[in-house]
Structures are given as structure tokens and as C-alpha cells.
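These notebook entries set out what I looked up in the structure shown below. I began with the terms and then went from the sheet to single residues.

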Amino acid sequence: MGVYLVSVTAQDWSRPGEDGYGDVAAALNIELKRRGLPLYELRQAAREAPGWFEEKVSPSMDGFVALCRTWLTDAELSALLDWSVLVPFALEEEIVLPVGTAYSGEETAVAGAPRVLALAEGLADAVRLPVDAIPAGENLALSLWFLEGGAERTARVRPGPWAEDRDAAFYVALYLRAAQYSLRYGCPITYS
């Protein structure tokens, strides 16, 4: 069990009720229309991903939050962490919707992946995270890389500040890969 960060399929995005995100999708489009922005429709055939994004959110976040407080403003920290749904397009600011999901309570905060990606890239640069050595694409690949020795082996040949707090490095990589996946495949990312 536990909490996972996962991609949302087109079928789940359009399905209303507790088994889907149709209520969130409808509320988001109402708010986008109100702001004069294009509606977001997740198409089944558009850029289908080979599998899905899924990573377990398990290490302590204390070191990551401390890292963020060192390198980010309060507004940037909020933009990086205070969302429950990440969408694959730019938003000037987080949109709070009056509908909930299983992990968001009565409201759902929606953030744009380009902003989250930029913030995660900045943190990756700050700690000299060896992004090219970190797996992407396969389900739980990132979690397993950190848990099963991949990070440790890489730290021996590519040391740096990232290796001093691997839990913090995990979250930098997690938000980076989640935003990249969202943008690459045009799909939302959420907690499950």
C-alpha cells in the first residue's frame, strides 16, 4: 500500500465518480473557459504512453523540503508541492477546483507541468543530480533505482551534493520525471 504518483489515462480522466476524474476534468474546463483559456481534452489516441507513470512516494520529505526552502521562494515551493493534479500545459497560477479526489479532500489544486518541470530542473542543477543516469519511463523504475542500489552505485562514480541526502534527491527526480512524463504524453499526473 502507500501513496503513489501516477499518470491518468484518457478513460479515467473522463469517468465521473470516485473511480475516475471526470468531475475534476469538467470543473477544470469550466475554470479554463472562465479564464479565457483553451479547454483541456485528454484524447485516447493522442500520444499513448507505453505503459504508465507510477512511482511510490515513500521516503521522508524533510530533507527535500529543507532543500526547497534553501533554493526556492515560498511561492515557488508552493507551486512545486501544493498540487494534487498536474496537467500537461502551462498555467500562470495554480487553479483550485471545488471538487475533491481521494487524496485531495474537498478541493483539487491543479498545476501546470511546465512550471513544475522548471522548478525541478533548477533543484536538479543546484544539487548536481546526474539526471542522465536516473531511469525514466518504466513503472517504479525511479523508486527501485533509489531503493535497490542504483543511486548508491552512481554516487560512487558521480558524487555531488545530491548523494548527501538521497531522500531529497529522490523527490527532485520524482517531480522532474513526473512533469516530463506529463508533457511528453499529454496526460495528467495525480496521487493515488
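**Entry 1. Terms and model**

I count two strands as paired if DSSP finds at least two bridges between them. Helices (H or I, at least four residues) and strands (E, at least two) are DSSP runs, numbered from the N terminus. The model is a predicted one, in which local features need pLDDT of at least 70 and side-chain atom pairs count only at pLDDT 80 or more, while totals for chains, interfaces and linings use all residues. Residues are numbered from 1 along each chain as its sequence is written, and side-chain values use heavy atoms, with hydrogens and water left out.

**Entry 2. The sheet**

I looked up how β3 and β6 are joined. Strand β3 (residues 85-87) runs antiparallel to strand β6 (residues 189-191), and two bridges join them. Within this pair, I found Thr190 of β6 as the bridge partner of Val85.

I then followed β6 to its other listed neighbour, β1. Three bridges join β1 to β6, again in the antiparallel sense. Here Val6 stands opposite Thr190.

In what order do the strands of the open sheet lie? I read the order as β2-β1-β6-β3-β5-β4, six strands with mixed pairing. The edges are β2 (54-57) and β4 (95-97); each has a single partner strand, so one side of each is left without a neighbour in the sheet. On average, neighbouring strands are turned by 20 degrees against each other, direction ignored. For angles, I take axes as lines fitted to C-alpha atoms, for helices over the stretch in contact, and the angles run from 0 to 180 degrees between N-to-C directions.

**Entry 3. Helices on the sheet**

I use contact for heavy atoms within 4.5 Å. Helix α2 (residues 22-34) packs on the sheet and touches β3, β4 and β5 (108-112). The direction of α2 makes about 130 degrees with that of β4. Helix α5 (residues 113-126) also packs on the sheet, touching β3 and β5, and its direction makes about 70 degrees with that of β5.

I next looked at α4 against α5. Helix α4 (residues 74-81) packs with α5 at an angle of about 115 degrees, and the axes are 9 Å apart. That makes the two helices roughly perpendicular, a label I use for 65 to 115 degrees; under 35 counts as roughly parallel, over 145 as roughly antiparallel and the rest as oblique. The crossing is left-handed: the near helix is turned anticlockwise from the far one by less than a right angle, whereas clockwise would be right-handed. From α4, Glu76, Ala79 and Leu80 meet Arg115, Val116, Leu119, Ala120 and Leu123 of α5.

**Entry 4. Cysteines**

How many disulfides are there? I count zero, taking a disulfide as a pair of cysteine sulfur atoms within 2.5 Å. For burial, I use under 20% relative accessible area as buried, over 50% as exposed and in between as partly exposed (1.4 Å probe, protein chains only). Cys68 is buried at 0%, and Cys187 is buried at 8%.

**Entry 5. The loop between α5 and α6**

I looked up two residues here with positive phi. Arg128 lies in the loop between α5 and α6 (141-147). Its phi is near 55 degrees, a positive value in a residue other than glycine. Arg128 is exposed, at 53% relative accessible area. Leaving aside neighbours within four places in sequence, Arg128 contacts Pro159, Gly160, Pro161 and Trp162. Leu140 sits in the loop between α5 and α6 as well, with a positive phi of about 65 degrees although it is not a glycine. Leu140 counts as partly exposed, at 27%.

**Entry 6. Two further residues**

Is Asn29 buried or exposed? Asn29, in helix α2, is buried, with a relative accessible area of 12%. Apart from neighbours within four places in sequence, Asn29 is in contact with Leu39, Tyr40 and Glu41.

Ser58 is found in the loop between β2 and α3 (62-71) and is partly exposed at 44%. From C-alpha to C-alpha, Ser58 and Glu76 are 23 Å apart in space and 18 residues apart in sequence.
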